[in-house]
Amino acid sequence: MVGVKRILEQEIAKEQSCIEDLLVRITIHTKRGDYSLASERGKDMQKSIKKIEHLKQQQENNRNFASIIERLAGKGILIEAVKRVEN
């Protein structure tokens, strides 16, 4: 789960960086009066935002799963058995 957590964090950071770059491009295109390109970059930004929302939901799901595993382990249920059911 630690590896998955790191991958999700990296993907979120990548998309956040993309959004920052796209905001700069939108500003430049708007100042130049190239509204079509500004609009396209806006659509790209919306895709990045949606991806971040999806990744954040995955993070939350992973946290919830880890919490369930911890509670089960506390009750003496073997984590390996739960992991086999997961796959």
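A polar contact here is a pair of N or O atoms within 3.5 Å; within protein, one must be able to donate a hydrogen and the other to accept it, and residues adjacent in sequence count only if both atoms are side-chain atoms. Before clicking on anything, note that this is a predicted model, where local features need pLDDT of at least 70, side-chain atom pairs count only at pLDDT 80 or more, and totals for chains, interfaces and linings use all residues. Residues are numbered from 1 along each chain as its sequence is written, and side-chain values use heavy atoms, with hydrogens and water left out.

**Whole chain.** Of the 87 residues, 20% are buried, where buried means under 20% relative accessible area, exposed over 50%, and partly exposed in between (1.4 Å probe, protein chains only).

**Serine 48.** Select serine 48, in helix α2 (residues 35-74). Is serine 48 buried or exposed? Serine 48 is buried, at 7% relative accessible area. Show side chains and you'll see a polar contact from the side chain of serine 48 to that of glutamate 15, at 2.7 Å. Skipping residues up to four places away in sequence, serine 48 touches Glu15, Cys18, Ile19 and Leu22, with contact meaning heavy atoms within 4.5 Å.

**The core.** Next, select Leu8, Ile12, Ile19, Leu22, Ile26, Ala38, Met45, Ile52 and Leu55, the 9 residues of the largest nonpolar core. Helices α1 (2-31) and α2 each supply at least two residues of this core, and α1 gives the largest share, 5 residues. (A nonpolar core is a set of buried Ala, Val, Leu, Ile, Met, Phe, Trp, Tyr and Cys residues joined through side-chain atoms within 4.5 Å.) Zoom in on isoleucine 52: beyond its neighbours within four places in sequence, isoleucine 52 contacts Ile12, Glu15, Gln16 and Ile19.

**Serine 36.** Last stop: serine 36, also in helix α2. Serine 36 counts as exposed, at 52% relative accessibility. Draw a distance from its C-alpha to that of isoleucine 26, 10 residues apart along the chain, and you get 9.9 Å.

Conventions: Helices (H or I, at least four residues) and strands (E, at least two) are DSSP runs, numbered from the N terminus.
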